[in-house]
Structures are given as C-alpha cells and as structure tokens.
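User: I have a structure open and would like to work through it in short steps. Can we take it one question at a time?

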Amino acid sequence: MADVMLEGARAAAEERSGPGAGASSGLARTLSVKTLSAVITLFVVLIGNFFLFRVLPANPAKNLTHNSTLTAKQLAAINKTFGLGLPLPQQFWNYLVQTFHGNLGRSFVNQLPVSQLIGQAIWPTVLLVGTSTVLSTVIGVWIGIRGGWNRGSRFDRSSTAFVNVLYAMPDFWLGMVLLIALAGKLALFPDGGMHSFTGGGSGLAGLGDLLWHLTLPCLVLTLVYLAEYSLVMRSSLIDELKADYLLTARAKGLRDDLVRRRHAVPNALLPSITLIMLNLGFVISGAITTETVFSWPGLGRLSYVALNAPDYPTLEGTFLLFSAAVIVANLIGDLLLTVFDPRVRQA
Amino acid sequence: MTAGTATVTPRALARARRRAAIARFWREFRRDRRGMTGLIILAVMIAVALLAPVLANSRGLNPIFATATPNSGPSLHYPLGTDSDGRSVLTELIWGARNSLLVGLTATLISILIGALVGVVAGHFGSTRATAGRFTDNVMMRVADWFLVVPFLPLAMVVARTIGPSLGVIILVIGLTSWAGTARIVRAQALAVETRPYLERAKALGAGHWHQMYRHVLPNVMPLLLANTILTVAGTILAETTLSFLGLGDPIRPTWGQMLGAAYSYGVGTGNVVWLLAPGIAVILVVMAFTLVGHALEAVLDPKLRER
C-alpha cells in the first residue's frame, strides 16, 4: 500500500508546484491548492480502499464468502459477479464508477445495500456527535479561559488535574463505568439503544425518551472531548497573556474582564475553533467505541458489528465515509484558518 | 592530541561533558514534582511487567487450569476477583502490564524510527535549493499529511481485520499509522538546525548527506525526539487498549484493553466489578505517567514552557 500512497502524494506534490498555480492571487491560490490536495487525499483513500479489500487478500473471493469451502465452479461464479478475474485497471475503474454511483455493495450479514445501512445509521451519529461536540466545545473553552486567565489558581490546578485524568481515560471504559453505576445499579438511565422497546411514544414523549437515551453516551463523549479543547484553549490563552496589546488595553484603563473578553479571548479562540474541525478523526474513534458500549444505532456501532462479523462491504463503506468526512472537515478547518489568520497564509 | 595534559583524550573529554550534561538535566528534571510522580509510577509499572513471571504463575492465564468460581468478587485467594473463565483478575492484570507495555513501547519504537527518518531526511533535503531535494521533501510531507488526515481507528480496524488479528499486527498497525506527527515536528526542528553555521562548516569540509544528517542534524533533534517519544507511548497504549477492546487482539496474550473487551462482552456488571475497574485504572495511571514525564521533559528542554 505504501507505493500507492506515494503515487498519490507525488501527484499532489506536482499539482502544488505545477504551472498556472502562481497566476491567481495569494488567498485564492492557497484556497484552491488546499481544496485540490483534499480531493487528491480522498482519491488516495479510494485507491487504498481498493487495494486493501481486493488486492491485498490472497483470495478475495474467499474473503467475500466468510472463508467457506467453495467448489471451483462457485469460485468462478463469484469471481465473475464481482469482476475479480478482470485485469486490475479494469477492476479499479469499475470500482470507481460503482462508488461514485453510491453503490457500495451489499452487506454479508443481511444482504441489504451498504448505502442503505449507512443512510439509516448516519443520523443517530450526527445527533450524538453533534450534541456532544457543541457541549464539549462550550464547556471546554470556558474551563480553558477561566483556568488560563487565572493561571495557578485553585480552579486552574484542579481543573487541569481533572482534565488530564479525562485525557488519559479510554472513552469506552468511562462509558462502561457510567453504564454500570447509573444505568445498572441505580437504574436512572436506560442501558443502551436509542428508543425504549415500546417505541417511546410519539411527539413530546418520544422526544423525551430519545433525550433520556442520549444522556449517557453524550455525557461520555462530552467529557472525553472537552479535555483536549480546554487544554488547547488554556495554553493558547496563556500564549496571549504576555502580548503587548493586552498591556495597551490595561493602560487604557479597561477592567480585567473586558481585557479578557474583548482582547485576549478572540485571539486565543482561533486555534481552538479550528481544532474542532481538525479533530473529527479523533471524534470518530470516540463515536465507534461509545456507540458500541451504549448500543447506539449509529455508524460507529455499524462498523464495530461489521468488524466482528466480518462484513467487509459494510466495513469498507463506513471507512470510506469516515475518511471522506474527516478530509472534508480538515479542509473546512484549514480554509477557515487561512481566511481568518493572515499569518497562516504566509507559511 | 595528548600534548600538555597527557591523560585527557578528546573522547574522555566528550564523555565527561556528556556526563555533566546528563547530571544537569537530571537535576532540573528532579525539581519537577509532577514529572517525578510520573517517573515513579512508571518505574513501578515496568517492575511489575518485568517481574510478571515471579509475581504470578502464567498457568493462571490458561482457562483450562482455572478452577475458581467465574466472575466472582474479590476474595482472600483472588484479591481482585475472577473473570468469566474463573481466572484471577490480578494474574491477568500483571501479565496485561507486560503485554500492554510491550505493545506500547514497540509500536512507539516503530513510529519514532519512521518519524525521525522521514523528518530528518525531509528537513535536510528540503533545506537544499536543488529541485530533487525539494521534491523529496514535498513527497514525504504529502505522505505524512495523508496519515495525519485519514482517521486512525477506522484505518487500523480495516487493516487489522484484513491481515488478521494478533499482537504483532496491532503493533505494526499502530506503529505504521502514528508516525506522521513525529515526522512533522522533527522536520521543523531539522529545518532550524540546517541554517546553523556548523552545518555550513561541515559542508565546506566535504561532509556527505549521510554524515550531515547523522552527525549533525540528528543529535540536535534528539532531545525533542525523546520528549516526543515519551508522549507517543501514552498515545500508543491508548490505541492498543481501543483496538484490543474492539476484538483485534491476541486472545492468548492478555492486554489491559483485551481484559476490558472481555469484561464488556462476557458479563459487565453481573458479577465482579473489579474486573472492569482494575484494567481501566491501570491504563489511566500508565498513560498519565507517560504524559507527565513527557511534559516534564519538554519543560526542561524548553524553558519557555516551564511557566505552564
């Protein structure tokens, strides 16, 4: 696979230094180069995916059929159906065409199209990850600002210690401990899933039921994510503390909290905000384990079940989607940073 | 060479200077209380891992020899209770320390070797004006970017599943997918080192690329690399825990992640709660210890960070 990656990267390098790139203006050029490089990264993921599932296994047909014993005739039939006997470039082309048409194959487990499975699982994940990202950002940034501004205070010391423990904690372990303590022993919360077995009712009752199920997994992800946000916010605020413009603001006679709110925080906020975008890869790994622990019917659980079945088409589909999501999020983060921070444009 | 002071050879001088530098480093490190806490925790953990055969009979890991009541709470004979196969959780925890640390350290070694190689080579050739050098740098950094962008866990899951789950595969997968950050940091430092006059001197004296990189760039990147290595171990141990939890480990050689995975699959909350708590706390302690030591090292190396 290394050769494949190198090939894509070489292409990326050529594109960057290629002719015509210097014609447009600075910002537009940076933006287009970054977009192009994201597209190429995505393409390399496609190539990698193709090799990983179709070329690397010694006998893909066996892989595709759970290693069951096959007659030569059956093997030939499978090779024909999946186009495995074709020359590699032909196979790759077919794969690309199928993928771009949204055809990701059928699950080995229940024969449903993978795209349909993903379509069903995507909204629970968006709900869970979205809610916890918003919460962890707000809380994490708040902790970071409060701790960083009064560095060495009791709040700072205890919050830093707390956040460091959270940072070292496997998210699924926290999930299991909360599950046993709050859902098992005390029965305050449901022990997993997204709705009650009765369906949870309709309208407001249904919404309440959903929120009740959402609480624990959301709490776990929020706690795990906020660790990093608060650490980054704290250290970027500390970086700003010695800046001259803060001295100026104080010399003007501004109150301490105005200096913080109007001058220091906006400047320190930039790295944290972009970090949220750049962090989606990390967020996804949290979603996989947390959804598994709480039986949350999202993409993470889908990929866990596919991993252990093993259900290769589904695993491949979720991997492709995760990669695409992270690449796009990285691109957005990168672009935001380029637009808002002129210093990045220079580099 | 030996004119005047006959006993002092250049080698002895260099050795004495290095000893003094290490002593100075240690004096500063010792003052960092959090770093020392981490170091003590690590020393205990590593001692447990090394002494595993003395502390707990490895026969206790084999379910065939396990005769205790499965999934029962702590007792006099089984201080941390038993798992679903009736094995002592304490025995598993001790041997888990051995395997978890082994995976963490080996994966880190792979990751750091690749990261340092890519970083130094890219930084060295990237600083030259030749197009071939620029090109090498560009290609290497695009590959690193790719590894930075593609989400680690799904990638590791896919690779480990297609190759087949085992401890070796986990080590390789973690090592091969986590070097990109190190490469970036090392390259930045190497670029800074490349502008120093002593490299110009080396070049003027006819030093080849290898000599420049090995004798001049690498030693100057080394301190940074050391701190980065320690911090990487924390990450690889967490990664191992997650992958093993998801069922990609080697069932015969228990790691902490695998214990957590088993506790999740076979009876979490039905009997022995310690079975779930103990490995988790062990992971937190080790990861925190590595993080504390790593940050303390960084602070000694970079005084600007010390005020944090």
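This is a predicted model: local features need pLDDT of at least 70, side-chain atom pairs count only at pLDDT 80 or more; totals for chains, interfaces and linings use all residues.

User: At which residue does α11(A) bend?
Analyst: The bend in α11(A) comes to about 50°. A proline, A:P266, follows within four residues of the bend. The residue at the bend is A:V265.

User: How far does helix α11 of chain A reach from its first C-alpha to its last?
Analyst: Helix α11 covers residues 256-278 of chain A, 23 residues in total. At 1.5 Å a residue, 33 Å is expected. The reach is close to that value, at 32 Å.

User: What covers the buried residues of α11(A)?
Analyst: Start with the buried residues themselves. They are A:R260, A:A264, A:V265, A:A268, A:S272, A:T274 and A:I276. A:V265, where the helix bends, is on that list. The cover over these residues includes, from chain A, α6 (114-149), α9 (203-241), α10 (244-251) and α14 (312-340).

User: Is A:S295 buried, exposed or partly exposed?
Analyst: A:S295 sits in the loop between α12 and α13 of chain A. Most residues other than glycine have a negative phi. Phi of A:S295 is positive, near 50°. A:S295 has 14 C-beta neighbours inside 10 Å, so it counts as partly exposed.

User: Why does A:M176 count as buried?
Analyst: A:M176 belongs to helix α8 of chain A. A residue is buried if 20 or more other C-beta atoms lie within 10 Å of its own. A:M176 counts as buried because the number of other C-beta atoms within 10 Å is 25.

User: How far apart are the C-alpha atoms of A:M176 and A:L186?
Analyst: Along the chain, A:M176 and A:L186 are ten residues apart.

User: Which helix supplies the largest share of the side of chain A that touches chain B?
Analyst: The contact takes 44 residues from chain A and 36 residues from chain B. On the side of chain A, helices that each supply at least two residues include α1 (2-17), α2 (26-55), α7 (154-167) and α8 (171-185). By class, this side has 31 nonpolar, twelve polar and one charged residues. The largest share is eight residues, and they come from α14(A).

User: How are α12(A) and α6(B) oriented to each other?
Analyst: Two packed helices are described by the angle between their axes and the distance between the axes. Here the axes of α12(A) and helix α6 (residues 152-163) of chain B come within 7 Å and cross at roughly 60°. That makes α12(A) and α6(B) oblique, therefore, to each other.

User: Which residues of α6(B) does α12(A) meet?
Analyst: By class, the contact of α12(A) with α6(B) has five nonpolar, two polar and no charged residues. From α12(A) come A:G281, A:I284, A:S285 and A:I288. In α6(B) they meet B:F152, B:L153 and B:P154.

User: Why does the length of helix α8 of chain B agree with expectation?
Analyst: Helix α8 of chain B has 15 residues, 180-194. At 1.5 Å a residue they should span 21 Å. The lengths agree because the end C-alpha atoms are 21 Å apart.

User: What covers the buried residues of α8(B)?
Analyst: The buried residues of α8(B) include B:A180, B:T182, B:A183 and B:V186. B:R187 and B:E194 are also among them. Their cover includes α4 (89-126), α5 (131-149), α9 (197-204) and α10 (209-245) of chain B.

User: How many helices and strands are there in chain B?
Analyst: Chain A comes to 15 helices and zero strands. Of its 347 residues, 36% count as buried. In chain B, buried residues make up 47% of 308. The elements of chain B are twelve helices and zero strands.

Note on methods
Residues are numbered from 1 along each chain as its sequence is written. Chains are lettered from A and ligands numbered from 1 in the order in which they are written. The expected span of a helix is 1.5 Å times one less than its number of residues. The bend at a residue is the angle between axes fitted to the seven residues ending there and the seven starting there. A residue is buried if 20 or more other C-beta atoms lie within 10 Å of its own, exposed if 12 or fewer, and partly exposed in between; C-beta atoms are placed from the backbone. Two residues are in contact if their C-beta atoms, placed from the backbone, lie within 7 Å. Ala, Val, Leu, Ile, Met, Phe, Trp, Tyr, Cys and Pro count as nonpolar, Asp, Glu, Lys and Arg as charged, and the others, Gly among them, as polar. Axes are lines fitted to C-alpha atoms, for helices over the stretch in contact, and angles run from 0 to 180 degrees between N-to-C directions. Angles under 35 degrees count as roughly parallel, over 145 as roughly antiparallel, 65 to 115 as roughly perpendicular and the rest as oblique.
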